[in-house]
Amino acid sequence: MDSSVLRAYGDRQGDGMVQMSFVLQVAPSARAREAAKRFAEKHGLKEPLVATMEECAKGYSYFVVYGHSVHSVDFSEIDVPEVRTESLSRTEIEERIKSQFGRKLVVVGACTGSDAHTVGIDAILNYKGYAGDKGLESYKGFDVYNLGAQVENEQLAARARALKADAILVSQVITQRNCHKENAQALIDFLRAEGWRKDVVLLLGGPRIDHKLALELGFDAGFGTGTKVADVASFILERLEQIGVPHK
Ligand code: B12
């Protein structure tokens with residue numbers, strides 16, 4: 001089998017085993033189990049096995065069904081943009097800021113629009129960070145301003161400008177009706193209209209953000225689930241060195 005063609009791996013190579021879970025508006029019963037099986041078959045699963053049928057509310061059942069999927073993807077055809085930055089250690093980051101810039105780098109971040117999910121941006125910016133990974137505030141080389149939640153683009157831009165920010169970090173967690181795209185795009189448009197988009201590193205982050213989307217919207221990079229603070233710091237340094245605004 002061509003190793004670049006991927007099928008789901010269950011018990012053995014190429015068996016295509018997957019599981020799907022869903023809720024049907026019916027109480028658990030033998031008929032409900034058969035309904036779940038047929039539902040899975042209609043999604044293309046071969047030989048489906050209903051592994052779980054549990055009442056999750058009165059008149060509703062939660063199912064987990066296993067079966068063989070028939071699809072595959074050719075890995076060799078996949079090309080997605082990735083953030084390609086040398087990941088530096090904390091010591092390297094501190095030393096490079098000192099030697100390349102000779103001052104603290106100013107970072108301003110917020111969770112913008114109606115979005116109130118601050119845990120992600122706090123993880124990147126605040127001293128205590130997240131899951132043992134301390135935020136940018138814990139680095140001597142960064143001067144960090146976390147504006148918090150539900151910050152309007154204009155407010156973020158004004159604060160960033162007043163602080164002579166080197167980098168603006170935007171977090172978007174809510175993606176209902178694509179509000180994250182609209183909101184992030186509006187910030188870019190605003191900065192372009194004000195004429196200083198190119199003078200600042202702009203990062204977009206959140207669990208449903210990827211590098212490709214961020215680039216399409218006009219950001220310098222996008223960071224998704226599991227982002228590490230050192231990777232963000234390394235990217236900011238590299239990008240600032242490229243755009244050449246070392247001394248303000
Ligand atoms: C905690 C939480 C809340 C809390 C938020 C508290 C707070 N202060 O943040 C509260 C209870 C307020 C809340 C409210 C709501 N929530 Co909520 N919430 C969550 C939950 C459970 C966890 C989010 C979280 O903290 N993750 C942990 C952080 C560390 O992860 P992260 O954000 O991905 O961050 C990492 C990376 O993405 C990245 N990153 C993130 N931002 C940035 C920015 C930059 C610049 C960079 C570099 C990196 C970066 O780095 C971080 C570290 O690795 C999620 C479900 C889930 N399990 O994810 C739902 C979830 C996000 N919420 C959801 C919803 C719908 C809501 C509400 C609309 C519910 C309602 N009907 O009222 C409201 C909206 C409120 C609002 N106006 O925004 C949905 C969003 C669906 C969608 N696709 O839009 C989710 C996914 C739940 C769900 N499955 O439906 N929520």
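1. Start with the shell around the ligand. Helix α3 (119-125) gives the largest share of this shell, five residues. Note that the model is predicted. Strands β8 and β9 also contribute, and each of α3, β8 and β9 supplies at least two residues of the shell. In total, 30 residues lie around the ligand. Those that come nearest are Ala116, His117, Thr118, Ser171 and Thr175.

2. Next, look at single atoms beside the ligand. Histidine 117 uses its side chain: a polar atom there lies 2.7 Å from a ligand nitrogen. Threonine 118 uses its backbone instead, with an N or O atom 2.7 Å from an oxygen of the ligand. Threonine 227 also places a backbone N or O atom by a ligand oxygen, at 3.0 Å.

3. Now turn to the open sheet. It has three strands, in the order β2-β4-β3, and the pairing is antiparallel. Which strands stand at the edges? They are β2 (17-24) and β3 (46-57). Each has a single partner strand, so one side of each has no neighbour in the sheet. On average, neighbouring strands here are turned by 20 degrees against each other, direction ignored.

4. Follow β2 in detail. Its antiparallel pairing with β4 (residues 60-68) runs over eight bridges.

5. Charged pairs come next. Side chains of opposite charge can pair when their charged atoms come close. The structure holds eight salt bridges. One of them joins glutamate 82 and arginine 84, with the closest N and O atoms 4.0 Å apart. Are these two residues buried or exposed? Both glutamate 82 and arginine 84 are exposed.

6. Compare that with another pair. Arginine 103 and aspartate 166 meet through their side chains in a salt bridge, 2.9 Å from N to O. This pair links distant parts of the chain, 63 residues apart. Arginine 103 sits in the loop between α2 (90-101) and β6 (105-111). Aspartate 166 sits in the loop between α4 (153-162) and β8 (167-171).

7. Where do the partners lie? Arginine 197 is in the loop between α5 (179-194) and β9 (201-205). Aspartate 220 is in the loop between α6 (211-217) and β10 (221-223). The pair therefore ties together parts that are 23 residues apart in sequence.

8. Check the burial of this pair too. The cut-off for buried is under 20% relative accessible area. Arginine 197 has 10% relative accessibility, so it counts as buried. Aspartate 220 has 12%, so it counts as buried. The pair also belongs to a network: salt bridges that share partners join Arg197, Asp220 and Arg239.

Methods
Residues are numbered from 1 along each chain as its sequence is written. This is a predicted model: local features need pLDDT of at least 70, side-chain atom pairs count only at pLDDT 80 or more; totals for chains, interfaces and linings use all residues. Side-chain values use heavy atoms; hydrogens and water are left out. Two strands pair if DSSP finds at least two bridges between them. Helices (H or I, at least four residues) and strands (E, at least two) are DSSP runs, numbered from the N terminus. Axes are lines fitted to C-alpha atoms, for helices over the stretch in contact, and angles run from 0 to 180 degrees between N-to-C directions. Buried means under 20% relative accessible area, exposed over 50%, partly exposed in between (1.4 Å probe, protein chains only). A residue is near a molecule or strand if one of its heavy atoms lies within 4 Å of it. A polar contact is a pair of N or O atoms within 3.5 Å; within protein, one must be able to donate a hydrogen and the other to accept it, and residues adjacent in sequence count only if both atoms are side-chain atoms.
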